Amino acid sequence: MTQSEMIAATAARLSQGRAAAVRLTDSTVSLVCDVSGLDETARADMIGRLKAELGAMDGVDEVRIAETSERRELPIVAVASGKGGVGKSTLATNIAVALALAGRKVGIVDADIYGPSQPTLLGCDETRPEARDKKLVPVECRHGIGLLSMGQLVKPGQAIAWRGPMAGNALTQLVDAHWGATELLIADMPPGTGDVQLSMIQRHKPVGAVIVSTPQDLALIDARRAIALFEQAGVPIIGLVENMAGYACPHCGEISDPFGSGGVERAAQEIGVAFLGRIPLSLGVREASDGGEPPAGSENDLAQPFRDIAGRVARWVDERRTA
Ligand SMILES: Nc1ncnc2c1ncn2[C@@H]1O[C@H](COP(=O)(O)OP(=O)(O)OP(=O)(O)O)[C@@H](O)[C@H]1O
């Protein structure tokens, strides 16, 4: 066996057949390695072993590896609302947590560029993503969920005052990142129908959108606006979620409906979209969320409504994939 053949055989063994175009030129080994479907740890392990073992072979001073991955379409589900503060970020986090606990490899893109809250909700405030080959590498947070958020890139409390095109470019950096083996991306959208929403819809084409609303009329009017934006752009609505419905008094247990109740389900029927479920207004949801412990990951009653909604979303995505 010649030295070049030994190098090619070693590269094939270490990369489990992923290495191609292996060459030895002037004591430099160059090769192309297909890293499709590997998560970040497996990819780094494999590249590290290739560099170390090939670099230690006779006549080799340098190892150059070009990584490629076949471009897989990574489905994005947008979680949106017409209005701020209705619980869109909370729902996005908890859908991701419920799916991760059900064994899916999910990531979150915090598309709320001007008001990112996912690092807090996923309990990974202190983390910073690194860049590789000019692309960001998502940070693994609670339950193995990959996260990319502007909140990880700016200092706490720093205002993000960008015009539309800059915010659109920031969004692209978060979406076109090294998502590795991630099967599904949940995008926490900014409230309303502005530039970032348009960038997400036009450039990144979510497979579908979940719209969150509180039951009161004003929120529902805005929710209809958000639905119209997605539909006009050809992004199907997976369904509507009613949040903050029915408050159980922690002292006497009496249920009251500060924002009304059932309005979102009725609106879903009128508009002709699915109703995905209802999440009660609960102190526990807010406390767990603020504490970076998403309620969908808990063992108490707060988890179930989120898990039911996440299951419906996952089934919808699966059905579309096989359709
Ligand atoms: N079902 C609920 N019960 C109690 N509190 C909730 C519930 N859902 C969300 N909250 C709380 O309401 C606040 C707003 O929620 P969240 O940040 O998820 O809304 P948002 O629509 O993403 O807001 P923004 O428009 O600022 O992005 C948070 O403090 C959150 O913990």
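Of the 323 residues of the protein chain, 42% count as buried, a residue being buried if 20 or more other C-beta atoms lie within 10 Å of its own, exposed if 12 or fewer do, and partly exposed in between, with C-beta atoms placed from the backbone. The model is predicted: local features need pLDDT of at least 70, side-chain atom pairs count only at pLDDT 80 or more, and totals for chains, interfaces and linings use all residues. Residues are numbered from 1 along each chain as its sequence is written.

**Overall architecture**

The C-alpha trace of the protein chain spans about 80 × 45 × 40 Å along its principal axes. The chain contains 10 helices and 14 strands; these are DSSP runs numbered from the N terminus, with helices (H or I) of at least four residues and strands (E) of at least two. Among contacts with a separation of 6 or more, 72% join residues 24 or more positions apart, where two residues are in contact if their C-beta atoms, placed from the backbone, lie within 7 Å.

The chain is divided into domain 1 (3-68) and domain 2 (76-322), with bounds that come from an automatic or database domain assignment. Their C-alpha centres lie 40 Å apart. Five residues of domain 1 are in contact with four residues of domain 2. The side of domain 1 that touches domain 2 has one nonpolar, one polar and three charged residues. In this classification Ala, Val, Leu, Ile, Met, Phe, Trp, Tyr, Cys and Pro are nonpolar, Asp, Glu, Lys and Arg are charged, and the others, Gly among them, are polar.

**Strand 5 and its partners**

Strand 5 (residues 106-110) has five of its five residues buried. Val-106, Ile-108 and Asp-110 cover one side, and Gly-107 and Val-109 the other. Strand 5 pairs with two other strands, as tabulated below; pairing requires that DSSP find at least two bridges between the strands.

| Partner of strand 5 | Sense | Bridges | Residue pair |
|---|---|---|---|
| Strand 10 (residues 184-188) | parallel | five | Ile-108 and Ile-186 |
| Strand 9 (residues 146-149) | parallel | four | Gly-107 and Gly-146 |

**Nonpolar cores**

A nonpolar core is a set of buried Ala, Val, Leu, Ile, Met, Phe, Trp, Tyr and Cys residues joined through C-beta atoms within 7 Å. The largest has 67 residues, of which Val-79, Ile-95, Ile-186 and Ala-187 touch the most other members. Helix 3 supplies the largest share of this core, eight residues. Apart from it lies another core of 14 residues, among them Ala-8, Val-22, Leu-24 and Val-63.

**The annotated binding site**

An unreviewed UniProt entry annotates Gly-82, Lys-83, Gly-84, Gly-85, Val-86, Gly-87, Lys-88 and Ser-89 as "binding site". UniProt positions are given in the numbering used here, feature names are shortened, and annotations may be inferred rather than shown by experiment.

Gly-82 lies in the loop between strand 4 (76-80) and helix 3 (88-101). Gly-82 counts as buried because it has 24 C-beta neighbours inside 10 Å. Leaving aside neighbours within four places in sequence, Gly-82 is in contact with Gly-192, Asp-222, Ala-223, Arg-225 and Ala-226.

Ser-89 is placed in helix 3. Ser-89 is buried because 27 other C-beta atoms lie within 10 Å. With neighbours within four places in sequence again left aside, Ser-89 is in contact with Asp-112, Ser-117, Gln-118, Leu-121 and Asp-188.
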